[in-house]
Amino acid sequence: MHGMHARLPRHFVLEERLERYADVIELEPACLAGHWAEACAPLTPTGLGSFDEVRLDLGCGKGAFLVESARREPHVLFVGMDAEPLCIAYTAQHIVEAGLSNAIVVPAKGSNVCNAFGAGELSRLHLNFPTPYPRKREASHRLVILERLLEYRAVLSANATLRLRTDSQPLRDFTLTQLDLAGYNVVWTSDDERRDRPNEPSSEYEQRLTAQGAPVYGIWATPNPNAALGSVRQTASLSLVDYLPTDLNAMTYVPHGMQGTVLNLRNRASKRAE
Ligand SMILES: C[S@@+](CC[C@H](N)C(=O)[O-])C[C@H]1O[C@@H](n2cnc3c(N)ncnc32)[C@H](O)[C@@H]1O
């Protein structure tokens with residue numbers, strides 16, 4: 001989990017956990033593409049049911065946001081997806097322990113979203129505190145890079161929203177450039193989502209980082225059906241350093257994943273000043 005790895009509890013055997021909670025782990029998401037709402041609905045006395053909506057929590061971490069969202073909205077199917085098996089094990093455990101029948105978790109990378117879901121199947125895509133991958137050479141791993149945003153368009157329904165929350169002002173500003181290139185309309189932004197939407201469920205990272213003084217930036221965006229995307233290409237700077245404020249010493253909070261970089265830049269600037 002990029003810099004904030006959870007220490008494994010003693011006697012924690014990952015394979016054993018994954019097996020124990022296998023009922024809520026979907027290993028072959030492509031088989032459900034286009035049918036998640038019906039395939040995952042519990043049987044009713046009158047036959048097969050269906051969830052009203054399918055929402056994806058991409059990079060769900062240990063599942064706190066997913067589980068609380070699912071608890072609040074039983075008619076919505078919440079799918080968590082994460083690349084880390086340890087996160088899958090924890091999320092699956094939380095789903096089972098909460099007794100939820102409207103949440104499921106998928107071990108996969110964000111680049112698999114298009115194989116896992118059918119056209120227009122998702123009514124919402126949550127990206128809570130995605131790993132920032134601040135360096136230019138690792139930018140392709142960001143869940144908010146142009147290529148990924150173009151892929152998400154295919155699985156989002158017409159009125160679907162992509163909802164980003166992050167403590168990182170550079171990642172927030174980078175994301176705005178990518179949403180513009182990928183033909184999304186930004187419909188809402190916030191510099192303090194906790195203040196503006198205090199009742200939203202929070203994620204583990206949100207709890208940990210806000211306890212350290214982090215702001216929560218929010219963006220909601222929806223795919224613009226009329227966007228001309230024929231010749232779209234990357235034009236934004238890929239290093240998150242380029243989105244930092246000019247006066248680094250005025251920063252009261254350094255975003256998660258950029259502490260080392262900001263420290264180096266501050267040191268270099270003070271050496272130059274000497
Ligand atoms: C900073 S954590 C945030 C976790 C959770 N959303 C939260 O707010 O607490 C980022 C999560 O994204 C996952 N992740 C990073 N890159 C990913 C990718 N390409 N595809 C899927 N998950 C990814 C990591 O394994 C990690 O669990």
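Analyst: The shell around the ligand is made up of nine nonpolar, six polar and four charged residues, where Ala, Val, Leu, Ile, Met, Phe, Trp, Tyr, Cys and Pro count as nonpolar, Asp, Glu, Lys and Arg as charged, and the others, Gly among them, as polar. The model is predicted: local features need pLDDT of at least 70, side-chain atom pairs count only at pLDDT 80 or more, and totals for chains, interfaces and linings use all residues. Residues are numbered from 1 along each chain as its sequence is written, and side-chain values use heavy atoms, with hydrogens and water left out.

In total, 19 residues surround the ligand, each with a heavy atom within 4 Å of it. The closest are Gly59, Asp82, Asn128, Ser203 and Tyr205.

Polar contacts are pairs of N or O atoms within 3.5 Å. On the side-chain side, a polar atom of aspartate 82 is 2.6 Å from a ligand oxygen atom. Backbone N or O atoms also take part: one of glycine 59 lies 2.7 Å from a nitrogen atom of the ligand, and one of alanine 83 lies 3.3 Å from a ligand nitrogen atom. Of the 590 Å² of accessible area that the ligand has on its own, the protein covers 94%; these areas come from the Shrake-Rupley method with a 1.4 Å probe.

The ligand sits in the largest pocket, meaning that more than half of its atoms lie within 2 Å of the pocket's grid points. A pocket here is an open set of points on a 1 Å grid over the protein atoms alone, where a 1.4 Å probe fits, with protein on both sides within 12 Å along at least five of seven lines.

Definitions and conventions
Polar contact = N/O pair within 3.5 Å; in protein donor to acceptor, adjacent residues only side chain to side chain. 1 Å grid on protein atoms, 1.4 Å probe; cavity = no way out; pocket = protein on both sides within 12 Å on 5 of 7 lines; lining within 4 Å.
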